[in-house]
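Reader: I want a close look at one part of this model. Please keep it brisk.

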Amino acid sequence: MADKKSLADLGDLTNQAPAPAPAKTEAAAPAETPAAADEAPAAPVATQPETPLREQQLDKHGRAYATGRRKDAVARVWLKPGSGKIEVNGRDQTVYFARPTLRLVINQPFDVTERSGQYDVIATVKGGGLSGQAGAVKHGIAQALSRYEPVLRTAVKREGFLTRDSRVVERKKYGKAKARRSFQFSKR
C-alpha cells in the first residue's frame with residue numbers, strides 16, 4: 001500500500017510542476033516582439049564560428065607537414081607559402097611526373113581551394129608506381145593544406161581529398177595465375 005501512496009504522490013507532484021510553463025512563454029516572447037529581434041542581430045543562432053575548430057599545425061620552420069598514401073605509395077609532404085613550386089624527390093614536378101594527367105591530379109587540392117601558385121611543396125615519395133605516387137602526393141598536399149589553413153578543411157574534405165583511398169591490388173592466390181585468373185585450360 002505504501003507503493004500506491006508514493007505513486008499517487010508522484011502523480012500529484014508532476015501535475016504541480018510549473019517548469020514547462022516558463023519555457024513556453026520564453027519561446028513565445030520573441031515572436032510577439034519582432035522589432036526587438038531586428039534591433040539586436042548580434043547573437044545569431046545557426047552561424048558558423050569565425051575561429052576554426054582546429055588549430056594551425058606548423059613545424060619550427062613554419063611549414064605544414066602531412067603524410068599521404070595511395071596503393072603502395074607513401075608521400076611525405078611539406079607545405080609553405082611561396083610561388084607555387086612543387087618539388088618531388090628533389091626534382092621538379094614536370095620532370096618527375098611527365099604525364100600531364102598526373103600533374104593535374106597533384107594540383108587538384110589547390111584548384112578546389114583556389115590557392116594555385118600560393119604554396120611551395122616539397123615531397124618525398126616511396127613505393128608503388130607513378131599513378132599511386134601522384135595520388136599519395138595529392139593526399140599529402142590536401143592534409144597539409146588543411147593543417148596550414150584549417151578553414152579550408154571543409155572544402156577539401158567535401159571533394160574527398162582527405163579520405164585515404166583504400167583500394168589496393170588484390171593478392172595472388174596459389175593455384176591461380178593471378179589473383180582470380182585461372183591457368184589456361186587444355187582439353188588434350
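Author: Arg70 stands opposite Ala73 in E2. A word on the basis: this is a predicted model, where local features need pLDDT of at least 70, side-chain atom pairs count only at pLDDT 80 or more, and totals for chains, interfaces and linings use all residues. Residues are numbered from 1 along each chain as its sequence is written, and side-chain values use heavy atoms, leaving out hydrogens and water.

Strand E1 covers residues 64–70 and strand E2 residues 73–81. Strands (at least two residues) and helices (H or I, at least four) are DSSP runs, numbered from the N terminus. E1 and E2 pair in the antiparallel sense, over 7 bridges. Pairing here takes at least two DSSP bridges between the strands. Ala66 faces Val77 of E2 across the pair. The hairpin has 2 residues between the strands, and Lys71 has a positive phi near 50 degrees.

Now the two faces. In a regular strand, side chains alternate between the two faces of the sheet. On E1, the covered face holds Ala64, Ala66, Gly68 and Arg70. Tyr65, Thr67 and Arg69 lie on the uncovered one.

Step back to the sheet. It is open, with 5 strands in the order E1-E2-E5-E3-E4 and mixed pairing. E1 and E4 (91–92) each have a single partner strand, so one side of each lacks a neighbour in the sheet. H6 packs on this sheet, touching E1, E2 and E5. Its direction makes about 150 degrees with that of E1. Such angles run from 0 to 180 degrees between N-to-C directions, and axes are lines fitted to C-alpha atoms, for helices over the stretch in contact.

H6 spans residues 130–148. Its 19 residues reach 26 Å from first C-alpha to last, close to the 27 Å expected at 1.5 Å a residue. Of these, 16 are buried, meaning under 20% relative accessible area (1.4 Å probe, protein chains only).

H5 (residues 100–113) is a neighbour of H6: their axes come within 8 Å and cross at roughly 15 degrees. H5 is therefore roughly parallel to H6, a term for angles under 35 degrees. Contact means heavy atoms within 4.5 Å. Residues making it include Leu102, Ile106 and Phe110 of H5, with Ala134, Ile141 and Leu145 among those of H6. H5 also lies across E2, E3 (86–88) and E5 (119–126), at about 145 degrees to E3.

Note on methods:
Expected span 1.5 Å × (residues − 1). Buried < 20%, exposed > 50% of the residue type's maximum accessible area, 1.4 Å probe, protein only. Parallel < 35°, antiparallel > 145°, perpendicular 65-115°, else oblique.
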